[in-house]
Amino acid sequence: MSLALVPAPSSVEQLSGAPFRLTENTRLTGDPDAAATLSALLRARTGSAPADGGGPAIDLRLESGGAAESYRLTADEASVTVSGADAAGLFYGVQTLAQLLRRDGDDWIVPAVRIDDAPRFPYRGVMLDVARHFHSVETVKAYIDHAATLKLNALHLHLSDDQGWRLQLHSRPKLTELGSSSAVGGDAGGFYTKDGYREIVAHAASRHMLVVPEIDMPGHTHAIGLAYPELVEEPVLSDLIRDSAAARGEDLPENGVPYQGIAVGFSSLRIYDEATYDFAADVFGELAGMTPGPYLHLGGDEALGTPDDDFALFVSRVSGIIADLGKTPVAWHEAGLAPDLADTTVGQYWGYATPTDGMDDKARAFVRNGAQLILSPADAIYLDMAYPDGPDLGLTWANGPTSVRRAYDWEPGSLIDGVDDDDILGIEAPLWSETARTLADIETLAFPRIAAAAEAGWSPATGASELRTWESFRARAAGLGPLWSSLGIRFHPSPEIDWATE
Ligand code: TNX
């Protein structure tokens with residue numbers, strides 16, 4: 001029987017001996033943080049957590065020397081030992097242990113096993129768009145908790161877009177005073193206070209997750225104009241924008257009026273006004289001070305309202321502002337060909353799994369500069385795409401609805417010609433929130449496809465492990481249904497997977 005482990009570990013050996021049996025006498029020993037994490041998982045899954053019994057132990061310990069985020073887990077009849085090379089590795093070993101637990105009659109057991117595991121890529125992210133629909137601190141914390149069970153370690157927050165600005169900044173108070181109250185479809189907006197943002201960052205850190213804040217520029221900036229009209233151009237309304245807005249029955253964007261539609265690519269900051277760069281310096285400067293992680297994302301996607309040369313000039317300057325703050329800029333792949341981009345800028349590729357329209361050229365340009373890429377192939381791991389068989393939720397622009405199988409069937413090392421593992425910082429599964437209003441919407445769109453993304457980021461390359469096939473993934477994911485349910489994750493019960501019921 002295959003063990004329900006996702007993402008697939010680098011090495012799993014099932015041993016022939018008897019399993020470890022949890023009893024009321026089981027002891028948890030070792031690292032207190034890891035013990036607290038395990039207790040919470042055990043309580044959710046089994047209904048109780050071991051007290052301080054005198055019986056066989058589950059020992060959780062730090063043992064330096066291994067690769068970053070790696071762990072080893074051994075279980076037999078006598079004991080379970082999880083040793084992490086660092087706190088993150090130990091946390092991931094504990095997540096694996098929770099996935100191994102299964103019912104045996106009235107008991108809970110851990111099969112006899114030896115696992116050695118380490119991530120393929122250092123960056124394994126999810127993105128949440130809190131601009132199209134605002135999502136509360138509590139919602140974001142729940143998503144962090146659930147994503148971290150899959151060994152994902154970065155949360156990219158898309159904090160601003162045409163529909164709203166979502167982060168309080170003392171340097172620019174009008175952004176939230178005037179630019180935060182709207183959202184798609186006339187729904188309520190909202191924003192994070194500085195303390196709220198810090199709470200998210202701290203909660204993410206407690207789950208070994210880094211927060212990567214994004215302020216999208218120079219397009220996707222309509223809401224900035226509600227606060228600081230002098231910074232923005234008039235909307236550029238292409239035929240496509242007019243036609244699609246009419247088809248959806250939406251109003252066209254108009255400066256000074258909150259935008260509630262879902263068109264993209266009409267807004268732009270003023271490129272030849274120094275006030276724009278003062279603004280970028282204020283915003284990223286204040287954000288740098290609140291963000292312990294190394295990355296600040298400057299956006300750069302779909303700036304269709306900004307002429308190409310102006311766009312190149314803008315992203316070059318703003319990447320320089322971020323680099324001068326001592327942070328590593330991240331930009332969507334469109335920025336790759338800008339001639340004077342800060343050479344540390346990480347690119348985020350959002351083209352298809354089979355690149356079109358030269359998007360791969362733009363992505364390769366970051367690598368030529370000497371930087372790395374984050375891979376987010378839209379028709380595979382854009383978690384906001386509809387399922388072929390799901391609820392009425394999600395968009396379809398990326399090659400139609402996205403099945404779980406399509407989310408799984410791509411390989412980071414062969415996505416973009418000339419981009420090898422060394423050029424890849426990692427993968428990220430974005431979830432844009434045009435249709436996602438609630439935590440349930442977010443989770444239904446994300447799970448189970450987020451598990452396929454996690455496997456692309458963590459597990460050995462396709463072909464390098466017998467576990468890295470759709471059939472294997474399908475069987476392993478099936479076994480996670482009961483764990484996800486016990487954690488309160490409202491996953492889409494996709495008919496592509498034969499879900500275990502217990
Ligand atoms: C594209 S791809 C976007 C977002 C939308 C999303 C909807 C990219 C970097 N930007 O502006 O929200 O599609 O799926």
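Glu69 sits in the loop between β4 (57-62) and β5 (71-75), where helices and strands are DSSP runs numbered from the N terminus, a helix (H or I) having at least four residues and a strand (E) at least two. This is a predicted model, in which local features need pLDDT of at least 70 and side-chain atom pairs count only at pLDDT 80 or more, while totals for chains, interfaces and linings use all residues. Residues are numbered from 1 along each chain as its sequence is written, and side-chain values use heavy atoms, with hydrogens and water left out.

Most residues other than glycine have a negative phi, and most peptide bonds are trans. Glu69, although not a glycine, has a positive phi of about 70°, and with a relative accessible area of 11% it is buried; buried here means under 20% relative accessible area, exposed means over 50%, and partly exposed lies in between, computed with a 1.4 Å probe on protein chains only. His220, in the loop between β14 (210-217) and α6 (222-227), also has a positive phi, near 60°, and His220 is buried with a relative accessible area of 2%. Turning to the peptide bonds, a cis bond joins Val6 and Pro7, with omega of about -5°, and Pro7 belongs to the segment before β1 (11-14). Another cis peptide bond joins Phe447 and Pro448, with omega of about 15°, and Pro448 is placed in the loop between α13 (439-446) and α14 (449-458).

On the scale of the whole chain, there is a division into domain 1 (11-117) and domain 2 (123-458), with bounds that come from an automatic or database domain assignment. The contact between them, meaning heavy atoms within 4.5 Å, takes ten residues from domain 1 and ten residues from domain 2. The centres of the two domains, taken over C-alpha atoms, are separated by 37 Å.

A salt bridge is counted when a side-chain nitrogen of Lys or Arg lies within 4 Å of a carboxyl oxygen of Asp or Glu, and by this rule there are 32 salt bridges. In one of them the side chains of Arg21 and Asp104 meet at 3.0 Å, N to O, and this pair links distant parts of the chain, with Arg21 in strand β2 (residues 20-22) and Asp104 in strand β7 (residues 102-104), 83 residues apart. Arg21 is partly exposed at 32% relative accessibility, and Asp104 is partly exposed at 33%. The salt bridge of Glu138 and Lys141, at 3.9 Å from N to O, lies within helix α3 (residues 137-148), where the two are three residues apart, about one turn of the helix. Here Glu138 counts as exposed, at 53% relative accessibility, whereas Lys141 counts as buried, at 15%.

The largest pocket has a volume of about 960 Å³. A pocket is found on a 1 Å grid over the protein atoms alone, as an open set of points with protein on both sides within 12 Å along at least five of seven lines, and its lining residues have an atom within 4 Å of a point. Of the 40 residues that line the largest pocket, the closest to its centre are Val264, Gly265, Glu302, Leu304 and Trp350. Helix α9 gives the most to this lining, with five residues.

Technical notes: On a 1 Å grid over the protein atoms alone, a cavity is a set of points where a 1.4 Å probe fits but cannot get out, and a pocket is an open set with protein on both sides within 12 Å along at least five of seven lines; lining residues have an atom within 4 Å of a point. Grid points are joined across faces, edges and corners, and a volume is the space filled by probe spheres set on the points.
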